[in-house]
Amino acid sequence: MTILLIAEHDNASLSDQTAKALSAALQIGSDVHVLVAGKGAKGAADAAAKLKGVTKVLLAEADELAERLAEPTAALVVSLAGAYDTIIAPATSSGKNVAPRVAALLDVAQVSEIIEVVSPDTFKRPIYAGNAIQTVQSSDAKKVITVRTASFQAAPEGGSAAVETVKAAANPGLSTFVENKLSDTDRPELTSAKIIISGGRALGSAEKFQEVILPVADKLGAAVGASRAAVDAGYAPNDWQVGQTGKVVAPDLYIAVGISGAIQHLAGMKDSKVIVAINKDEEAPIFQVADYGLVGDLFVILPELQKAL
Amino acid sequence: MKILVPVKRVVDANVKVRVKADGSAVELANVKMAMNPFDEIAVEEALRLKEAGKAEEIIVVSIGPQQAQETLRTALAMGADRAILVKTDEQTEPLGVAKVLKGVVDAEQPGLVILGKQAIDDDSNQTGQMLAALLGWAQGTFASKVVLDGDKAKVTREVDGGLQTVELKMPAIITADLRLNQPRYASLPNIMKAKKKPLDEKSPADYGADVKPRLKVLKTEEPSGRKAGVKVKSVAELVDKLKNEAGVL
């Protein structure tokens with residue numbers, strides 16, 4: 001049973017989402033090859049080779065792979081698929097873009113966002129925004145899987161796999177990359193942060209969000225998240241959104257500030273190790289999942305918290 | 001140009017679903033159903049493109065039971081021109097749905113297919129990408145902005161670190177993310193008018209599509225619950241607990 005893991009990376013470096021998906025892959029089988037598709041991606045490939053449990057790294061480089069466009073990336077994976085029983089990717093925006101295209105080209109069903117490996121063909125996955133968990137068994141000879149990385153620990157370093165260069169597939173030439181507008185930040189990424197502080201609609205404005213949440217985040221070295229309500233209201237950018245339609249996170253500490261706790265939000269953070277809720281409404285549903293709740297005015301509490309840290 | 005918009009009938013987003021006592025599935029009897037919210041956004045985007053003179057006809061299609069007709073009527077009331085119900089009582093999976101949709105595309109020859117990025121019932125996030133694969137078309141997933149220019153579509157996508165813009169060769173597949181637009185409500189006169197718009201009934205076999213499930217659901221269960229913890233009285237007590245009890249600071 002050989003497994004192909006599609007790496008998440010930015011060419012220069014490897015995302016720890018790859019290491020988390022590797023942990024899931026190693027529960028399915030012991031022979032895991034990592035595919036680094038990119039351009040100038042030797043840095044990411046070398047980092048993948050150091051992960052414990054990786055037996056080989058495949059590095060494919062081409063202009064159209066630099067931003068991992070869906071069509072050429074899927075074509076590359078399909079060209080390699082013959083040698084593998086399972087193809088697995090972290091459920092990042094890139095993984096979610098590419099994996100179903102691969103699955104359809106191979107005529108197999110995809111199992112999306114697994115949270116547990118029951119056996120090599122049976123997996124648990126959340127449905128209805130995490131309000132139910134389904135155990136599904138795949139009947140396809142080849143399996144295509146995406147992994148909810150918040151549910152798996154990152155595999156440690158300690159390997160020394162060989163990096164082998166493979167040829168990119170012919171570019172289908174269907175799409176071209178125009179530009180990225182990525183949030184420029186020194187803060188940790190939401191999906192890999194140990195501490196996250198998130199703000200909700202109660203912040204009232206983008207200015208207040210910045211003024212109240214960011215100083216505490218800086219003090220804690222935390223990533224900043226937001227509820228969908230806060231994003232919809234324009235208080236925070238969409239890539240900060242935590243929830244069913246945003247990012248799913250599981251940090252050691254999650255601080256929810258002025259977030260009522262809609263189902264959609266809880267779906268994105270309820271696996272956090274410790275949850276703190278700060279809200280003026282003591283009936284807010286967020287308190288039902290919080291380990292520590294503090295009822296009161298966030299505009300008073302947060303400056304105090306900043307001083308106390 | 002024709003635009004095809006597939007829509008799915010799902011449990012209303014405001015309903016808290018319950019798992020059946022026998023653990024076989026989620027309880028769907030007597031539960032309020034509605035159009036998948038992402039599909040409403042897809043319908044709205046198609047309507048706006050038509051209103052901007054970029055498309056002539058909007059066709060909506062749903063694959064599901066007889067009641068999916070109601071979902072199609074909703075889309076017609078929003079302004080779509082005609083509807084196709086591909087009737088099946090089988091539990092469909094994204095691959096099977098994509099195969100039916102490929103048949104519909106082959107028959108209707110749209111220049112663009114706009115889908116919701118995921119359905120809020122199975123949260124699979126696959127159908128659009130799979131349809132693009134089967135057709136050999138370009139895909140612009142998780143779109144927050146769509147600009148059509150001749151035979152090109154410029155799509156701004158919501159990605160993990162921010163936004164990414166790609167240019168797609170048409171015909172193409174686009175999947176709608178939340179911020180693409182704010183869908184309109186159907187007015188009463190339009191709801192009445194929608195009843196007279198054409199709605200064809202087909203079967204997956206009419207399109208030669210195999211919708212047999214590939215995945216076997218062994219069990220459906222409630223997620224392991226989280227217990228409410230304690231309320232603390234002050235910031236000082238909170239910081240103390242986080243440091244000395246939880247050990248996370």
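What follows describes a predicted model, beginning with the contact between the chains and ending with a pair of helices.

**Where chain B meets chain A**
- In the contact between the two chains, 64 residues of chain B meet 69 residues of chain A.
- Several elements of chain B each supply at least two residues of the side that touches chain A, among them helix H3 (94–108), helix H4 (127–135), strand S9 (162–169) and strand S13 (230–232).
- The largest share of that side of chain B, eight residues, comes from S9(B).
- Sorted by class, the side of chain B that touches chain A holds 33 nonpolar, twelve polar and 19 charged residues.

- Strand S16 (residues 292–295) of chain A runs parallel to S13(B), and three bridges join the two strands.
- Within this pairing, A:Leu294 stands opposite B:Val232 in S13(B).

**A recorded domain in chain B**
- An unreviewed UniProt entry places the feature "domain: Electron transfer flavoprotein alpha/beta-subunit N-terminal" at residues 23–211 of chain B.
- Over residues 23–211, chain B is 30% helix and 31% strand, with the end C-alpha atoms 24 Å apart.

**Two packed helices in chain B**
- H3(B) and H4(B) pack at an angle of about 50°, and their axes are 9 Å apart; the two helices are therefore oblique to each other.
- The crossing of H3(B) and H4(B) is right-handed.
- Residues of H3(B), including B:Leu95, B:Ala98 and B:Leu101, meet residues of H4(B), including B:Met130, B:Leu131 and B:Leu134.
- By class, this contact of H3(B) with H4(B) has ten nonpolar, one polar and two charged residues.

Terms used
Residues numbered from 1 in each chain as written. Chains lettered and ligands numbered in written order. Predicted model: local features only at pLDDT ≥ 70, side-chain atom pairs only at ≥ 80, totals over all residues. Contact = placed C-beta atoms within 7 Å. Helix = DSSP H or I, 4+ residues; strand = E, 2+ residues; numbered from the N terminus. Nonpolar A, V, L, I, M, F, W, Y, C, P; charged D, E, K, R; others polar. Pairing = 2+ DSSP bridges. UniProt positions renumbered as here; feature names shortened; annotations may be inferred. Axes fitted to C-alpha atoms, helices over the stretch in contact; angles between N-to-C directions. Parallel < 35°, antiparallel > 145°, perpendicular 65-115°, else oblique. Left-handed = near helix turned anticlockwise from the far one by under 90°.
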